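Thank you for coming, everyone.

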Amino acid sequence: ELEGAKSTVGQWLSLIFVASSAVKMSFKTYYYTTDANYFTSKALGLDSVDGVSKDQVDDFIKEFCNLVAGAIKESFELVGTKSLISLPLVTRGQDYVFFEVKETESNPEVLTDIWDLTLNDHRITCRIVFEIWDKEAINKIDLLAFGAEDEDDGDIDFF
């Protein structure tokens, strides 16, 4: 947990998985209701958070996870790596302990990154974890270049 950050009590976690023979990926978003309400209200074009329901927030966050995981799945498949994608789910923030991956000698190489999306003092924290089982296959996948050829089409590009 970051210094000065809010407690994990009251925090929510949404996550989704993409798996192939070469790599397994998990994408997690950590958020508090007030922050997610704000992001959801802006996405829905509302002037206030008053009309935002818990179901709308859950749907917004899960769809965000779906878009990220879908982009990664597509980048895997562009180089011929078939993959599966899970349904996104929402659980309590402290449940992150059930989804941790630890690198050991018998386990895969683990790559991870964490970043915050901020909008007018509201924050959603994102964390991505790659478990690499086949380094040769993963070298063919250029996640950083995904979507680069579509840069000027107005669509949202991840990575």
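**Charged pairs and cysteines**

Let me begin with D58, which is buried at a relative accessible area of 13%, where buried means under 20% relative accessible area, exposed means over 50%, and partly exposed lies in between, calculated with a 1.4 Å probe on protein chains only. Before I go further, please keep in mind that this is a predicted model, in which local features need pLDDT of at least 70 and side-chain atom pairs count only at pLDDT 80 or more, while totals for chains, interfaces and linings use all residues. Residues are numbered from 1 along each chain as its sequence is written, and side-chain values use heavy atoms, with hydrogens and water left out.

So what does the side chain of D58 meet in a salt bridge? The partner is K54, with 2.8 Å from N to O, and a salt bridge here is a side-chain nitrogen of Lys or Arg within 4 Å of a carboxyl oxygen of Asp or Glu. Whereas D58 is buried, K54 is partly exposed, with a relative accessible area of 40%. The two residues are 4 apart in helix α2, which covers residues 54-78, and this separates them by about one helical turn; helices are DSSP runs of H or I with at least four residues, strands are runs of E with at least two, and both are numbered from the N terminus.

How many salt bridges does a search of the whole structure find? The search finds 3, and another of them joins E77 to K73, with the closest N and O atoms 2.5 Å apart. E77 and K73 also both lie in helix α2, again 4 residues apart and about one turn of the helix, and E77 is partly exposed at a relative accessible area of 31%.

There is also a salt bridge between the side chains of D116 and R123, at 3.8 Å from N to O. Here D116 is partly exposed, at 33% relative accessible area, and R123 is partly exposed as well, at 30%.

Across the whole structure, the search finds 0 disulfides. C65 is buried at 0% relative accessibility, and C126 is likewise buried, with a relative accessible area of 0%.

How values were computed: Disulfide = S-S within 2.5 Å.
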